[in-house]
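Reader: I would like to learn how to read this structure feature by feature. Could you take me through it, giving the general idea and then the case at hand?

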Amino acid sequence: MYTAVTRDIQITVMPQYLADQSAPDEGRYVWAYTVEVANLGRRTVQLVARHWIITDAAGKVETVSSLGVVGEQPVLNPGETFRYTSGCPLTTSSGVMEGHYRMVDDRGGSFDAEIPAFSLDCPQAKRVLN
């Protein structure tokens, strides 16, 4: 589990390797990741956009930006949480994801809430220490 807090917005990510959807012999590795966004503050906020940076084991970088997450732009009142699950395929047996969510508060101010960097690792992959 990976967690970051930015301006009272706590983002927790739990990745999981999906062996049943992966085909290592064909260079296809798939992970699901569950994200929980918790409003620990006193202001209502809305998650309006996302920006991901995905890096595979070969160093290939892909960025993904769009409005909302899983088709939603959730509003979080103080003390509320929003949870969703999505997925990421790679052609390598490991990688890293990180990024931020664009948040807007109830006064119209905006800020980027950090999504902590998290590791995508195939359990069968050979581990190498750098």
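Predicted model: local features only at pLDDT ≥ 70, side-chain atom pairs only at ≥ 80, totals over all residues.

Reader: What do the strand labels mean, and how do S1 and S2 run where they are joined by bridges?

Author: Strands are DSSP runs of E with at least two residues, numbered from the N terminus. Two strands pair if DSSP finds at least two bridges between them. Here S1 (residues 2-6) and S2 (residues 9-17) run antiparallel, joined by 5 bridges. They form a hairpin with 2 residues between them, and Arg-7 in the turn has a positive phi of about 45°.

Reader: Which strand pairs with S2 over 9 bridges?

Author: That is S3 (residues 29-39), again in the antiparallel sense. Within this pairing, Ile-11 has Val-37 in S3 as its bridge partner. As a general idea, side chains in a regular strand alternate between the two faces of the sheet.

**The core**

Reader: Which residues touch the most other members of the largest nonpolar core?

Author: A nonpolar core is a set of buried Ala, Val, Leu, Ile, Met, Phe, Trp, Tyr and Cys residues joined through side-chain atoms within 4.5 Å. Buried means under 20% relative accessible area, exposed means over 50%, and partly exposed lies in between (1.4 Å probe, protein chains only). The largest core here has 28 residues, and Ile-11, Tyr-33, Trp-52 and Tyr-101 touch the most other members. At least two residues of this core come from each of S2, S3, S4 (45-56), S7 (81-90), S8 (94-105) and S9 (110-121).

Reader: What does Tyr-33 touch?

Author: A contact means heavy atoms within 4.5 Å. Setting aside residues up to four places away in sequence, Tyr-33 touches a list of residues including Val-13, Met-14, Trp-52, Cys-88, Met-97 and Phe-118. Tyr-33 is buried, with a relative accessible area of 3%.

**Aromatic pairs**

Reader: How many aromatic pairs are there in the whole structure?

Author: Rings of Phe, Tyr and Trp (its six-membered ring) pair if their centres lie within 6.5 Å; planes under 30 degrees apart count as stacked, over 60 as edge-to-face and the rest as tilted. A search of the whole structure finds 8 such pairs. In one of them, the ring centres of Tyr-33 and Trp-52 are 5.3 Å apart with planes at 65°, so the pair is edge-to-face. Tyr-33 lies in S3 and Trp-52 in S4, so this pair ties together parts that are 19 residues apart in sequence. Trp-52 is buried too, at 1% relative accessibility.

Reader: Why is the pair of Tyr-33 and Phe-118 called tilted?

Author: The ring centres of Tyr-33 and Phe-118 are 5.7 Å apart and their planes meet at 50°, so the pair is tilted. Since Tyr-33 lies in S3 and Phe-118 in S9, the pair ties together parts that are 85 residues apart in sequence. Both residues are buried. Ring pairs also link Tyr-2, Tyr-33, Trp-52, Tyr-101 and Phe-118 into a cluster.

**Salt bridges**

Reader: How many salt bridges does the count come to?

Author: Side chains of opposite charge can pair when their charged atoms come close. The rule is a side-chain nitrogen of Lys or Arg within 4 Å of a carboxyl oxygen of Asp or Glu, and the count comes to 3. In one, Arg-83 meets Glu-36 at 3.1 Å, N to O. This pair links distant parts of the chain, with Arg-83 in S7 and Glu-36 in S3, 47 residues apart. Arg-83 is exposed at 51% relative accessible area, whereas Glu-36 is partly exposed at 21%.

Reader: Where do Arg-43 and Asp-106 lie?

Author: The side chains of Arg-43 and Asp-106 meet in a salt bridge at 2.6 Å, N to O. Arg-43 is in the loop between S3 and S4, and Asp-106 is in the loop between S8 and S9, 63 residues apart.

Conventions: Residues numbered from 1 in each chain as written. Heavy atoms only, no water. Helix = DSSP H or I, 4+ residues; strand = E, 2+ residues; numbered from the N terminus.
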